[in-house]
Amino acid sequence: MAVISGVTGQDGSYLAELLLQKGYAVHGLVRRASTLNRQRIDHLRNDPSTRGRFHLHYADLGDTESLIAVLTAVQPDEVYNLAAQSHVGISFRMPTYTGEVTGLGTVRLLEAVRTLCPGARFYQASTSELFGKAKEIPQNERTPFHPRSPYAVAKLYSYWATVNYREAYGMFAVNGILFNHESPRRGENFVTRKVTRAVAEIVAGRRESVALGNLEARRDWGYAGDFVDAMWRMLQQEEPRDYVIGTGESHSVRELAETAFGEVGIELEWEGEGVDETGRDARTGEIRVTVDPAYFRPAEVDFLLADPSAARRDLGWRPRVTFTELIRMMVRADLEVLGVTA
Ligand code: NAP
Ligand code: F7E
């Protein structure tokens, strides 16, 4: 029996799918909103094979009592804490709220687990953003942290809270330090999905171009479906340990744009510099990419690259989907949503 906070998010939906396939009963936490926001999990709720094994509970990481109520009722064996205000750029606009949910929210859940079901295994969704202004390349479990945003600062608090509950109370509590992972279910304002959606809309004739921020930032982008498997593996180990999960390959936002447009036969030609730079269709000359400083961050994370060798060794985990396959999958899915082909 597993509890997943953040079940309506990208990772929560893939993890719920994986655990249900493995025969688990899954209890997902959903927060109240004026409109229902369950598109990523609707297919699981309507699937006859999961009947009686997939349950949703109203709860919020800002509300201790709701967490207590769920854990008291469910008495889970595993708890996956995936809920967060997870957008780095937006965390600069909402630093207090981000700290409240992404930082303190973890302690609310850890404390509820400690008092109500201390034998449950706890997974914390930690992040490569902890490395921030990275001290070395590639980054592994021993690389020092240097967070660069309110989001990363909140996640640093959660990282150490998880280690502290393990050391202080002997709980099986672990951090998965996951590098960027994406999918057709990725939120529309993260850069991969923003670009793949824009490419599909350009093909459909619904828009002309996409405005991006820092084109030079480099990320280690993998596929979310591969990464949730690593989360599960971490909770099946004999000893609780924190692991870095990533692909070991890094690409710039510029390369991401080139790859996504390349999928629909558009070769980008760059000209100009800084905020005046544009990416033109090499064949037609039409501007397809512009730079808008509104998407620059007050402090940037320039270069992330994972060294996932410990996960390979101990968890037997390795990513299956390559960067190019991932972007192809996302572009195709966005084209399909719009009913167009390229
Ligand atoms: P996501 O799509 O943004 O999903 C976040 C989830 O958290 C959603 O279900 C959201 O609910 C829920 N949530 C937000 N605030 C909440 C609150 N106050 N109480 C309860 N639930 C709340 O994020 P993701 O990409 O799946 O990432 C999952 C986790 O991994 C996050 O903690 C993220 O910070 C972390 N992480 C992600 C990556 C990555 O590359 N994707 C890498 C490293 C770590 P709504 O649907 O109602 O908004
Ligand atoms: O930005 C640059 C931006 O917002 C990636 C979250 O899941 O992964 C994610 O955080 C890079 C940054 O993801 C745009 O400046 C350029 O350098 O897609 P992103 P993120 O900030 O790396 C980590 C591991 C998490 O833990 C987080 O929860 O792309 N960039 N132009 C842009 N980014 C956005 N969003 N939009 C742009 O237009």
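Figure 1. Helix H1 is mostly covered, with 11 of its 12 residues buried, where buried means under 20% relative accessible area, exposed over 50% and partly exposed in between, computed with a 1.4 Å probe on protein chains only. The model is a predicted one, in which local features need pLDDT of at least 70 and side-chain atom pairs count only at pLDDT 80 or more, while totals for chains, interfaces and linings use all residues. Residues are numbered from 1 along each chain as its sequence is written, chains are lettered from A and ligands numbered from 1 in the order in which they are written, and side-chain values use heavy atoms, with hydrogens and water left out. Helices (H or I, at least four residues) and strands (E, at least two) are DSSP runs, numbered from the N terminus. H1 covers residues 10-21 and reaches 17 Å from its first C-alpha to its last, close to the 16 Å expected at 1.5 Å a residue, the expected span being 1.5 Å times one less than the number of residues. Among the buried residues of H1 are Gln10, Asp11, Tyr14 and Glu17. Just after H1, glycine 23 takes a positive phi of about 95°.

**Figure 2. The surroundings of ligand 1.** Of the 25 residues around ligand 1, those that come nearest are Thr8, Asp11, Asn37, Ser86 and Tyr151; a residue is counted as near if one of its heavy atoms lies within 4 Å. A nitrogen atom of ligand 1 is 2.8 Å from an N or O atom in the side chain of aspartate 60, while an oxygen atom of ligand 1 lies 2.9 Å from a backbone N or O atom of leucine 82. A polar backbone atom of histidine 181 is also 2.9 Å from an oxygen atom of ligand 1. Taken alone, ligand 1 exposes 900 Å², and the protein buries 90% of that, with accessible areas coming from the Shrake-Rupley method with a 1.4 Å probe. H1, helix H5 (95-116), strand S5 (121-127) and helix H6 (150-169) each supply at least two residues of this shell, and the largest share, 3 residues, comes from S5.

**Figure 3. The surroundings of ligand 2.** Ligand 2 is surrounded by 23 residues, of which the closest are Ser86, Thr127, Tyr151, Arg297 and Glu300. One oxygen-to-side-chain approach involves arginine 186, with an N or O atom of its side chain 2.9 Å from an oxygen atom of ligand 2. For arginine 297, the distance from a side-chain N or O atom to an oxygen atom of ligand 2 is 2.6 Å, and a polar side-chain atom of glutamate 300 likewise lies 2.6 Å from an oxygen atom of ligand 2. Taken alone, ligand 2 exposes 700 Å², of which the protein buries 95%.

Figure 4. In helix H3 (residues 64-74), Ser66, Leu67, Val70, Leu71 and Val74 are buried. Seen down the axis of H3, these buried residues fall within an arc of 125°, so they line one face of the helix; the arc is that of the directions from the helix axis to the C-beta atoms. On the other side of H3, Glu65 and Ala73 are exposed.

**Figure 5. Glycine 99 in helix H5.** Glycine 99 is found in helix H5 and is partly exposed, with a relative accessible area of 25%. Glycine 99 and serine 158 are 59 residues apart in sequence and 9.7 Å apart in space, C-alpha to C-alpha.

Conventions: Polar contact = N/O pair within 3.5 Å; in protein donor to acceptor, adjacent residues only side chain to side chain.
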